[in-house]
Amino acid sequence: MLIDDHFNPRPTDIIVATSPKCGTTWLRALVFSIINRNSFDFNNHPLSKANPRDLVHFLEAHIRGDRSTVSIDGLLSPRLLSTHLPYSLFPKCMTDDASSACRFVYICRDPKDVLVSKWHFANKLRPKELPPLPLEEAFELFSNGVSHYGPFWDHVLGYWKASGEWPKKVLCLKYEDVKEPSGCVRKVAEFLGVPFSPEEEKKWIVEEIVKLCSFESLSNQDVNKSDTRSGENPMSNSDFFRKGEVGDWVNHLSPQMSEILDKITEQKFQGTGFSFH
Ligand code: PAP
């Protein structure tokens, strides 16, 4: 396994985990600003100059040995890393060992919105010579479990089950919490062992973080508006900001598509205690 060969886990690692298009950008920004809240001024914050992808190292890029990637072996602890890998692919010393303090903060999202977001993203990255990917084709692939990093539902279940078994190790959030972000920020801080003090609450630090990481704020930073494509990196920072809404699927999916996806979700999550509502 590549991860066993190329990743040296540390007990203090904090891993932001997601299936693609479930809120990676938002969660990277939230966790980065929560754990570094005493290091930076909110009026001159790294998130106003860099995309969250540049502040939270992507584990898979390191494993693949991308030339543009800084070695994560040289980072100071605690390291904040991001991944799309399923929980089952991590070494047992990280996932099944209660004595390891490493933590996973996971976020998932209604699969109907995930599909729509993925489809838009795929078309942005699609070579100009090719015709756009039809939504029907994207739907067929997604609903049949053909996704990067494995079937969407299995990805969610892997982390969800782990959060039940190891609640101090795995925290599961939902993108839909974007509507009530302050609760989410407090939950993450508590989980990571850095809860907000009464003084911080009085200074409205939670609200500062919520505002800084909001879609509106991040998508309007120059660094996230400009075209950052390069030979090594075919994706632009702006590609990671589209609408940032809950329920945009109604504008794209047919009633039949949404019914099929809801049915799969219901079947897959039956008896697990998990739901998107
Ligand atoms: P990734 O998994 O490929 O890294 P990810 O950040 O999960 O990408 O997906 C981008 C989605 O998050 C987009 O959703 P949409 O297509 O439905 O609009 C993007 O708009 C949304 N997004 C990006 N930043 C934020 C944010 N700060 N708050 C809420 N949503 C965001």
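Phenylalanine 121 is buried, at 15% relative accessible area. Buried here means under 20% relative accessible area, exposed means over 50%, and partly exposed lies in between, with a 1.4 Å probe and protein chains only. This is a predicted model, in which local features need pLDDT of at least 70 and side-chain atom pairs count only at pLDDT 80 or more, while totals for chains, interfaces and linings use all residues. Residues are numbered from 1 along each chain as its sequence is written, and side-chain values use heavy atoms, with hydrogens and water left out.

Stay with phenylalanine 121. Its place is helix α6, residues 111-125. Helices (H or I, at least four residues) and strands (E, at least two) are DSSP runs, numbered from the N terminus. Leaving aside neighbours within four places in sequence, phenylalanine 121 contacts Lys21, Met235, Asp239 and Phe240. Contact means heavy atoms within 4.5 Å. Arginine 242 is 121 residues away along the chain, yet 8.8 Å separates its C-alpha atom from that of phenylalanine 121.

Lysine 21 sits in the loop between β1 (14-18) and α2. Its phi is near 75°, a positive value in a residue other than glycine. Lysine 21 counts as buried because its relative accessibility is 16%. Tyrosine 149 also has a positive phi, about 70°, although it is not a glycine. This tyrosine 149 belongs to the loop between α7 (135-143) and α8 (152-165). With a relative accessible area of 27%, tyrosine 149 is partly exposed.

Now turn to helix α11, residues 205-213. Its buried residues are Ile205, Val206, Ile209, Val210, Leu212 and Cys213. Seen down the axis of α11, these residues fall within an arc of 165°, so they line one face of the helix. The arc is that of the directions from the helix axis to the C-beta atoms. What do the buried residues of α11 pack against? Their partners are α2 (24-35), α9 (181-191), α10 (198-202) and α12 (215-219).

Valine 210 shows this packing residue by residue. It lies in α11 and counts as buried at 19% relative accessibility. Not counting residues up to four places away in sequence, valine 210 touches Pro181, Ser182 and Val185. Leucine 30 is 180 residues away along the chain, but its C-alpha atom and that of valine 210 are separated by 7.6 Å.

Next come the strands. In β5 (residues 170-174), 4 of the 5 residues are buried, so the strand is mostly covered. Strand β4 (residues 103-108) runs parallel to β5, and 5 bridges join the two. Two strands pair if DSSP finds at least two bridges between them. Among the residues involved, valine 105 has leucine 171 in β5 as its bridge partner.

Last, look at proline 78. This residue is in the loop between α4 (59-64) and β3 (80-83). The peptide bond from serine 77 to proline 78 is cis, with omega near -5°.
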